Amino acid sequence: MVKLDKVKKQYNDFRLNCSIEIPKGQVTGVIGRNGAGKTTMFKAILGLIKIDSGNAELFGKDVCELTAQEKQRIGAVLADSGFCGYLSIKDYVPMLAAMYSDFSKEKFVSECERMQLPIKKKIKDFSSGMKRKLQILTALSHNADLLVLDEPTVGLDVIVRDEILEMLQDYMKTEEKSIIISSHISSDLEGICDDIYMIDKGNIVMHEDTDVILGNYGLLKVTRSQFEKIDKTYLINSFEADFGYNCITNQKQFYLENYPDIVIENGSLDLMMRILTQK
């Protein structure tokens, strides 16, 4: 479905250098700090920027070679995208119908009403949550095969976030659909993503199945004397700390069974990002 192979893009003092692959029927999450390269990666996937080298493919074709009809298979929500505030949903319906051959006016309006979005109200008067729900519904409105969602839940309260995640889960009930989504809210990604890419300073620093991260990974907090004695076979990385060392493992159970005196935190996306992006 999506493939970036050694894609590079230079912006002054920032450089993207990444490879990712997303198969059909999968939800892939991308996490990283602000400025890590998430949005640049998404724009490369959509062909919105000219990459310096490497290959960017969608549906088995170079993104620059996609036809207008093939581009209709994509639904996107980017952090800097939006609607003209002086128009209403009612105003946008004929535009969407003209843009997308598989757009269903009845279904779109019905979903907007279900999400309590006023059809005739100017969008500039919508709350942040209402605007984001409209963006998601628009991305879903034309039966896209791929959703590219850059921070779709940022700044939203927990109720609206849950509504949006429910919409995405309903979308994935259709076979062979795929989503790539970024978020600063790790619990959002932990609940819906099959796998996770972590990006830092433009580079992929981790790729792992979500259930492996949550089930097998852990953080060992050890003193200097404990660090000298433990078996380091299953340690991925270690960082000095005030008390000794923080150590990441993908074999948490081994250390739980063999080192009962060591403090071990369960794996989470927040934990992985906090440790793996340490300077």
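Predicted model: local features only at pLDDT ≥ 70, side-chain atom pairs only at ≥ 80, totals over all residues.
Colleague: How are two packed helices described?

Modeller: Two packed helices are described by the angle between their axes and by the distance between those axes. In this model, helix 3 (residues 89-99) packs on helix 4 (residues 105-114) at an angle of about 150°, and their axes are 11 Å apart. Because angles over 145 degrees count as roughly antiparallel, helix 3 is roughly antiparallel to helix 4. The crossing of helix 3 with helix 4 is right-handed.

Colleague: Which residues of helix 3 and helix 4 make the contact?

Modeller: Helix 3 contributes Ile 89, Val 93 and Leu 96, while helix 4 contributes Lys 105, Phe 108, Val 109 and Cys 112. Of these contact residues, 6 are nonpolar, 1 is charged and none is polar.

Colleague: Which residues have the most contacts inside the largest nonpolar core?

Modeller: They are Ile 89, Phe 108, Leu 168, Ile 181 and Met 272, in a core of 51 residues. Another core, of 29 residues, lies apart from the largest one and includes Phe 14, Phe 42, Leu 58 and Val 63.

Colleague: Is Lys 177 buried or exposed?

Modeller: Lys 177 has a relative accessible area of 5%, so this residue is buried; the cut-off for buried is under 20%. Lys 177 lies in the loop between helix 6 (158-171) and strand 8 (178-182).

Colleague: With which residues is Lys 177 in contact, leaving aside its neighbours within four places in sequence?

Modeller: Lys 177 is in contact with Lys 24, Gly 25, Gln 26, Asn 143, Ala 144, Asp 145, Tyr 171 and Met 172.

Note on methods
Residues numbered from 1 in each chain as written. Heavy atoms only, no water. Axes fitted to C-alpha atoms, helices over the stretch in contact; angles between N-to-C directions. Helix = DSSP H or I, 4+ residues; strand = E, 2+ residues; numbered from the N terminus. Parallel < 35°, antiparallel > 145°, perpendicular 65-115°, else oblique. Left-handed = near helix turned anticlockwise from the far one by under 90°. Contact = heavy atoms within 4.5 Å. Nonpolar A, V, L, I, M, F, W, Y, C, P; charged D, E, K, R; others polar. Buried < 20%, exposed > 50% of the residue type's maximum accessible area, 1.4 Å probe, protein only. Core = buried A, V, L, I, M, F, W, Y, C linked by side-chain atoms within 4.5 Å.
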